[in-house]
Amino acid sequence: MPDTTARGPRHVEHVMGTVFTFDIRDRPTAAVHRALAEAVAHLHRVDAVFSTYRPDSHISRLGSGGIRLADCPPEVHEVLSLCERVTHDSDGWFSVVPAGTLDPSGLVKGWATEAASRLLHEAGAHHTCVNGGGDLQLRGQAAPGIPWRIGIAHPLRPGELATVVTADGDLAVATSGTAERGSHILDPHSGTPASAFASLTLVGPRLTLTDAYATAVFARGDSAHDWVEKLHGYEALAILPDGQEWRTSGFSRYGS
Amino acid sequence: MRRAVLATTGISALVVVLLSLKPHQLPVLAGAAPRSPASSATPHTRATTSTGTGTFTGDPINTDYGTVQVAATLAKGRITSVKVLQAPDQNGRDQQIASYALPRLTQEAIGAQSAHIDAVSGASYTSQGYIQSLQSALDQAHA
């Protein structure tokens, strides 16, 4: 059970062009503190390898043909394999070359966040919330008997929440949208910005796939609802540019 | 730009002030009996009742960019409105920032405390966007 008498550390880290928040509700043992430091170091390592903003990153050099996949650390192969899987699962609505150049960013942040969460878990922190710039991996509970409560930012009404997702046990929550960075998600089929949604929130078991699927669902547009309904273990809340909303049939298990 | 970011950071202290008024952290506001105010909020005798209803004036908080002070009105232990009594206004830029940031941050604080949330999911924010985010306010309130 999470320990309310000795709440663990909260840490905020600016990395990967965004901000990660670690909220740990277990007893702050030395092992947990070590795992937190390791998780933070991992995020910086991931940034150095995968950043498309750094010309010296492995991904940038791989994309430009300066190096081969065999020259890259093993996690590059892992990420590209995962991207391939999501592209396949989503009928091509997720692309590792969204703007014509190699860019697995749509999967990397969720993958890195899930990995950070796992490092904490392996060190004995079983009640944690790791927020990677708006996409979260939750584990356990906020307090004994108290589920995590995650506000879903309303994309059209800044400062307001569209709903609150309640998570009792492990859950990933990912939101794709235009509110913070504009129309940055491209339709891989046409190459034009996807515009069907103001925001699309997907909940699922683990953040790597939940985050990447959310990107694919956002790009998919009109057929997104039917696709998520068939996706076992995932539920969606969509907010359209005109303010209308839809939810998949099982979303009510997590939020109103 | 740097100035704008710093000024906004200063104003975000407001949200910390507001979130620090959370009823579940201040049982005297939500509870039935106590009359004595919490250390960080002084109830107006005019409107205070024993049911956590009334107007509470926060202590002035000194930030690097000026003094911030707010008053919050509670109904049955929940914030219903917030009035900004003091905010940095040394120059036109401060006033401009305050004019859009304060209403937004006030709204965020009201939303956060009434929903009792632990974190926020939304479109991926940049490092700068984070500064004005509700997640940032939550992090500061619990730091």
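User: Which residue does A:Leu136 stand opposite in E7(A)?

Analyst: This is a predicted model. In it, E4(A) and strand E7 (residues 171-177) of chain A pair in the antiparallel sense, over three bridges. Within E7(A), the residue opposite A:Leu136 is A:Val173.

User: On the other pairing, which residue stands opposite A:Gln137 in E4(A)?

Analyst: Strand E3 (residues 128-132) of chain A also pairs with E4(A), in the antiparallel sense and over five bridges. One bridge partner of this kind is A:Asp135 in E4(A), which goes with A:Gly132. For A:Gln137, the residue standing opposite is A:Val130.

User: Which residue in the turn between E3(A) and E4(A) has a positive phi?

Analyst: E3(A) and E4(A) form a hairpin, with two residues between them. In that turn, a positive phi of about 65 degrees belongs to A:Gly133.

User: Which strands are at the edges of the open sheet?

Analyst: The sheet has eight strands in the order E1-E2-E3-E4-E7-E8-E9-E10 (chain A), with antiparallel pairing. An edge strand here pairs on one side only. That leaves E1 and strand E10 (245-247) of chain A as the edge strands. Direction ignored, neighbouring strands are turned against each other by an average of 10 degrees.

User: Are H3(A) and H5(A) oblique or parallel to each other?

Analyst: The axes of H3(A) and helix H5 (residues 207-220) of chain A come within 10 Å and cross at roughly 50 degrees. Angles under 35 degrees would count as roughly parallel, and 65 to 115 as roughly perpendicular. The two helices are therefore oblique.

User: How do the residues of the contact of H3(A) with H5(A) divide?

Analyst: H3(A) passes H5(A) in a right-handed crossing. The contact is made by A:Leu82, A:Arg85, A:Val86 and A:Asp89 of H3(A), with A:Thr208, A:Leu209, A:Ala212 and A:Tyr213 of H5(A). These residues divide into five nonpolar, one polar and two charged.

User: Is A:Thr215 buried or exposed, and what is its relative accessible area?

Analyst: A:Thr215 is placed in helix H5 of chain A. Leaving aside neighbours within four places in sequence, A:Thr215 is in contact with A:Phe94, A:Gly106, A:Ser176 and A:Ile185. Buried means under 20%. A:Thr215 is therefore buried, with a relative accessible area of 17%.

User: What is the relative accessible area of A:Asp91?

Analyst: A:Asp91 is found in the loop between helix H3 (74-89) and helix H4 (105-122) of chain A. Although not a glycine, A:Asp91 has a positive phi of about 55 degrees. A:Asp91 is partly exposed, and its relative accessible area is 48%.

Note on methods: Residues numbered from 1 in each chain as written. Chains lettered and ligands numbered in written order. Predicted model: local features only at pLDDT ≥ 70, side-chain atom pairs only at ≥ 80, totals over all residues. Heavy atoms only, no water. Helix = DSSP H or I, 4+ residues; strand = E, 2+ residues; numbered from the N terminus. Buried < 20%, exposed > 50% of the residue type's maximum accessible area, 1.4 Å probe, protein only. Pairing = 2+ DSSP bridges. Axes fitted to C-alpha atoms, helices over the stretch in contact; angles between N-to-C directions. Parallel < 35°, antiparallel > 145°, perpendicular 65-115°, else oblique. Left-handed = near helix turned anticlockwise from the far one by under 90°. Contact = heavy atoms within 4.5 Å. Nonpolar A, V, L, I, M, F, W, Y, C, P; charged D, E, K, R; others polar.
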